[in-house]
Amino acid sequence: MAAQMEFGALVLAGGRGSRMGGVEKALLPFRGETLLARLDRELSFLPERLLSTNHPALARGTGFVPVADRAPGRGPLEGIAAALSVCRGEGLLVVPCDMPFFSRALGEYLLSFRDRGWDAWVCRAADGLHPLCGVYRKSCLPALQDCLDRGRLRVRLALEAAGGQVLDMAGSPFPPEVFSNINTPDDLAALGEPPKGTE
């Protein structure tokens, strides 16, 4: 219960979806629902759910509260920092909108590390680091803001500046496919079925 009171969720939906032909990825249909609706359901165990978007209407009909960028064109790092600056809790479980197999189980697993004293921690799967899938505390906001002010917009660099930790998911209950992202129409077609162990 403590994790539910101390942390909220943030879904990052501020990308332009250029490789999807400009389509809003959060609204892509996937197994009978949109990606955003799926995440809304999987994250419903957390009382505060924020959506990083400059189009507030995107949150309509969901449990998400839209949070706009404070300055445009600064990518997902700006989305994380903007949400941390307004969230009610201690920090945020961060998830990209194009990660269709994210589950409540993975969210609870990530939040189980909250007593380690880390300011931020993210996943590393077989395909590399996933700095947009993890937990960021408000305590790391000064480091993230400093990177934004200096034009260092890569989340990976900001994570390092904040002393963020990396969780090697090779030893976790979650297969590598759970961390798949949808960036192109081909990705969407290829991920029509969930990987084993995710349902």
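The model is predicted, so local features need pLDDT of at least 70 and side-chain atom pairs count only at pLDDT 80 or more, while totals for chains, interfaces and linings use all residues. Residues are numbered from 1 along each chain as its sequence is written, and side-chain values use heavy atoms, with hydrogens and water left out.

Of the 199 residues in the chain, 50% count as buried (under 20% relative accessible area, 1.4 Å probe, protein chains only). Contacts are heavy atoms within 4.5 Å. Among those between residues at least 6 apart in sequence, 69% join residues at least 24 apart.

The chain has 7 helices and 9 strands (DSSP runs, H or I of at least four residues for helices and E of at least two for strands, numbered from the N terminus). An open sheet of 7 strands runs in the order β5-β4-β1-β6-β8-β7-β9, with mixed pairing (two strands pair if DSSP finds at least two bridges between them). At its edges stand β5 (65–67) and β9 (165–168); each has a single partner strand, so one side of each lacks a neighbour in the sheet. Within the sheet, strands β1 (residues 7–12) and β6 (residues 91–96) run parallel and are joined by 6 bridges.

Next come the nonpolar cores (sets of buried Ala, Val, Leu, Ile, Met, Phe, Trp, Tyr and Cys residues joined through side-chain atoms within 4.5 Å). The largest has 34 residues, of which F102, L106 and F179 touch the most other members. At least two residues of this core come from each of β1, α2 (35–42), β6, α4 (104–111), β7 (120–125) and β8 (128–137). Not counting residues up to four places away in sequence, F102 touches L39, E42, L43, L93, V95, G107, C133 and V178. A second, separate core of 26 residues includes L10, L141, C147 and A162.

Finally, consider the loop between β4 (49–52) and β5, where T53 is found. T53 is buried, with a relative accessible area of 3%. Leaving aside neighbours within four places in sequence, T53 is in contact with A13, L58, P66, V67 and A68. The T53 side chain also reaches the backbone nitrogen of H55 at 3.0 Å.

Technical notes
A polar contact is a pair of N or O atoms within 3.5 Å; within protein, one must be able to donate a hydrogen and the other to accept it, and residues adjacent in sequence count only if both atoms are side-chain atoms.
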